[in-house]
Amino acid sequence: MSTGTVLATDPHVVSCTLAPRFEAVRTAREFTRRTLDGWGLAEIFDDVALVASELVTNALRHALGQSEPSRVPLRNGPQAAEILPIRISLVHRSPQVVCAVSDPSSTGPVAREADFVAESGRGLHLVDSFSRSWGWHPLAGAGKVVWALFDAHAAGPGPEQLPNPGRHRRSA
């Protein structure tokens, strides 16, 4: 089982560093479940976990350049310190939760035209459908973070909440 390193200085801002292996997707889901349960937000787990899975899978496939993440070699020694890790972060600022995945690539995600025959290529469409909004930001030096925003209300949109605008924004 892939184990992640969990970082927490604020109980409402939690991060987990993921190994560059296929099992990282499962680790991200488990981290998401534990965190949302701890915040009393288990009711949004399905949506957040699906988006977290897609974002981590994209980081493994595209940022690390591997079509088969289970075969990404682990690096040891001095080169390992030069590679930015994949990290999932969850931030809870009531009434919202942000799921963010950072990776070593500075290239932003691009939603492709949906091909219903292809086995892949629909991940960002799912992110757009299951989150309130999403986007990405380049990181200083190298890398990027892709984020998705969720309403932390279980019973669906109330009068004070807007429907899912489904916007993709890139901030420079």
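Trainee: Which element is Val101 found in?

Mentor: Val101 is in strand 4; strands are DSSP E runs of at least two residues, helices H or I runs of at least four, numbered from the N terminus. Keep in mind that this is a predicted model, where local features need pLDDT of at least 70, side-chain atom pairs count only at pLDDT 80 or more, and totals for chains, interfaces and linings use all residues. Residues are numbered from 1 along each chain as its sequence is written, and side-chain values use heavy atoms, leaving out hydrogens and water.

Trainee: Why is Val101 called buried?

Mentor: Buried means under 20% relative accessible area, with over 50% exposed and partly exposed in between (1.4 Å probe, protein chains only). Val101 sits at 2%, so it counts as buried. Across the protein chain, 38% of the 172 residues are buried.

Trainee: What does Val101 touch, leaving out residues up to four places away in sequence?

Mentor: Its contacts (heavy atoms within 4.5 Å) include Leu55, Val56 and Ala59, plus Ile86, Ile88 and Val146. Val56, under a like exclusion of neighbours within four places, is in contact with Leu18, Ala24, Val25, Ala28 and Val101.

Trainee: What makes a group of residues a nonpolar core?

Mentor: The members are buried Ala, Val, Leu, Ile, Met, Phe, Trp, Tyr and Cys residues, joined through side-chain atoms within 4.5 Å. The largest one here has 34 residues, and Leu18, Leu36, Val56 and Ile88 touch the most other members. Among the elements supplying at least two residues are strand 4 (96-103), helix 2 (45-63) and helix 4 (123-130). Helix 2 gives the most, with nine residues.

Trainee: How do you know that helix 2 and helix 4 are roughly antiparallel?

Mentor: Their axes come within 9 Å and cross at roughly 150°. Axes are lines fitted to C-alpha atoms over the stretch in contact, with angles from 0 to 180 degrees between N-to-C directions. Under 35 degrees is roughly parallel, over 145 roughly antiparallel, 65 to 115 roughly perpendicular and the rest oblique. The pair is therefore roughly antiparallel.

Trainee: Which residues of helix 2 and helix 4 meet?

Mentor: From helix 2 they are Asp47, Leu50, Val51, Glu54, Leu55 and Asn58, and from helix 4 Gly123, Leu124, Leu126, Val127 and Phe130. That contact divides into seven nonpolar, two polar and two charged residues; Ala, Val, Leu, Ile, Met, Phe, Trp, Tyr, Cys and Pro count as nonpolar, Asp, Glu, Lys and Arg as charged, and the others, Gly among them, as polar.
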